[in-house]
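Hi,

Here is the structure I promised to pass on.

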Amino acid sequence: MKHIIVTGGAGFIGSNIVDALLQKAYRVTVVDSMDPFYDPALKRSNIEKHLTNPGFTFHQIDITDPVALDTALTDKYDAILHLAARVGVRESVSNPAIYNKVNTEGTLNLLNFAQKQSIKQFVLSSSSSVYGVNPTIPWNEDTEIDAIISPYAVSKRAAELYGLTFSRIYNIRFLVLRLFTVYGPRQRPDLAINKFVNEVLMQHPVKIFGAGDSKRDYTYVTDVADAFVNALDYTGSNFEIFNIGHSTPVALMDLIYKIEKVFGGKALIEYTGMQTGDVPVTFANITKAKKHIGYEPKVDIDKGLELYREWLKGKR
């Protein structure tokens, strides 16, 4: 029975991965600081059902504290799935230092921990934002990263490069999963689909940045969880990058229309200017992930919105 550390495992994506791992009989240790970026009570509810599971352990630890990591994590571990991060492209523009501290230095702390503990499989949750405003779409993993436009993306790219370096020096297998606009159950309150659905249902104005023609490659969270679980079995090389998207960009106004159809109600559109750090389109080429880690997205945007509606109904 393999023992996996999941950092950020009480959060939106992390907790869905924890569910998938426990269903497959992995032992799971979650490391999460319960950062108040959004309500920690939501994060506690994400993992509450697992607290009595003997295969599950929780540590409230900040990954920027290497002493705390060394003190609390004393078992034998087979892999680290690293999702703990400071999130939000727009906030990173006004406060880049905290993104560097958590996303870059925090990753370095975990790599040092992995090296000391002889943990040989390390999977990083990175972001499509590293591609920036590159107009050549769909984006491939070997696309030159020279169009970054947010400190958040810089912090994620720096984390990738630290992983590359450690893979060469210490023989750690470091895999980068670049995620594309994840949505679904337990989605953070600040993320687009969650916000839009709530605004439509409550008849609040839906703020549209720009003309509404920006496009995003929306990816359902259970597909992302499958990708992380599959990555645990990858042994092909010591460093790889995989795009994890649905490979079907959806225009912003088309998304609003779909939300209206699935949830009922009419969006009260309020147009505003583009936000600093936003990109016009994201579009993943997922050929490499399909080939090497068996990634196969099962949930398109229409089905995903239906599933999200059913989940919300169950909460209310």
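First, the ground rules. This is a predicted model, so local features need pLDDT of at least 70 and side-chain atom pairs count only at pLDDT 80 or more, while totals for chains, interfaces and linings use all residues. Residues are numbered from 1 along each chain as its sequence is written, and side-chain values use heavy atoms, with hydrogens and water left out. Helices (H or I, at least four residues) and strands (E, at least two) are DSSP runs, numbered from the N terminus.

Let's start with the core. A nonpolar core is a set of buried Ala, Val, Leu, Ile, Met, Phe, Trp, Tyr and Cys residues joined through side-chain atoms within 4.5 Å. Buried means under 20% relative accessible area, exposed over 50%, and partly exposed in between (1.4 Å probe, protein chains only). The largest such core here has 45 residues, and Ile-13, Leu-21, Val-28, Leu-81, Leu-177, Phe-228 and Ile-244 have the most contacts inside it. Among the elements that each supply at least two of its residues are strand 1 (3-7), helix 1, strand 6 (173-179), helix 8 and helix 10 (287-293).

Setting aside residues up to four places away in sequence, Phe-228 touches Ile-17, Leu-81, Leu-83, Val-123, Ser-125, Leu-177 and Leu-179 (contact means heavy atoms within 4.5 Å). Beyond its neighbours within four places in sequence, Ser-125 is in contact with His-82, Leu-83, Lys-156, Leu-177, Leu-179 and Phe-228.

Now the helix pairs. Axes are lines fitted to C-alpha atoms, for helices over the stretch in contact, and angles run from 0 to 180 degrees between N-to-C directions. The axes of helix 1 (residues 12-23) and helix 8 (residues 221-231) come within 9 Å and cross at roughly 60 degrees. That makes the two helices oblique to each other (under 35 degrees is roughly parallel, over 145 roughly antiparallel, 65 to 115 roughly perpendicular, and the rest oblique). On the helix 1 side the contact includes Phe-12, Ile-13 and Asn-16, and on the helix 8 side it includes Val-221, Val-224 and Phe-228. By class, this contact has 10 nonpolar, one polar and no charged residues (Ala, Val, Leu, Ile, Met, Phe, Trp, Tyr, Cys and Pro are nonpolar, Asp, Glu, Lys and Arg charged, and the others, Gly among them, polar).

What about helix 7 (residues 192-202) and helix 9 (residues 252-263)? Their axes come within 10 Å and cross at roughly 50 degrees, so this pair is oblique too. Ile-193, Phe-196, Val-197, Val-200 and Leu-201 of helix 7 meet Leu-252, Leu-255, Ile-256, Ile-259 and Phe-263 of helix 9. The residues of this contact are 10 nonpolar, no polar and no charged.

Finally, some backbone details. Ile-137 and Pro-138 are joined by a cis peptide bond, with omega about -5 degrees. Pro-138 is in the loop between strand 5 (121-127) and helix 6 (151-170). Ala-25, in the loop between helix 1 and strand 2 (27-31), is not a glycine but has a positive phi, near 70 degrees. With 45% relative accessibility, Ala-25 counts as partly exposed. Met-34 also has a positive phi, about 55 degrees, without being a glycine. Met-34 lies in the loop between strand 2 and helix 2 (40-47) and is buried, with a relative accessible area of 7%.

Cheers
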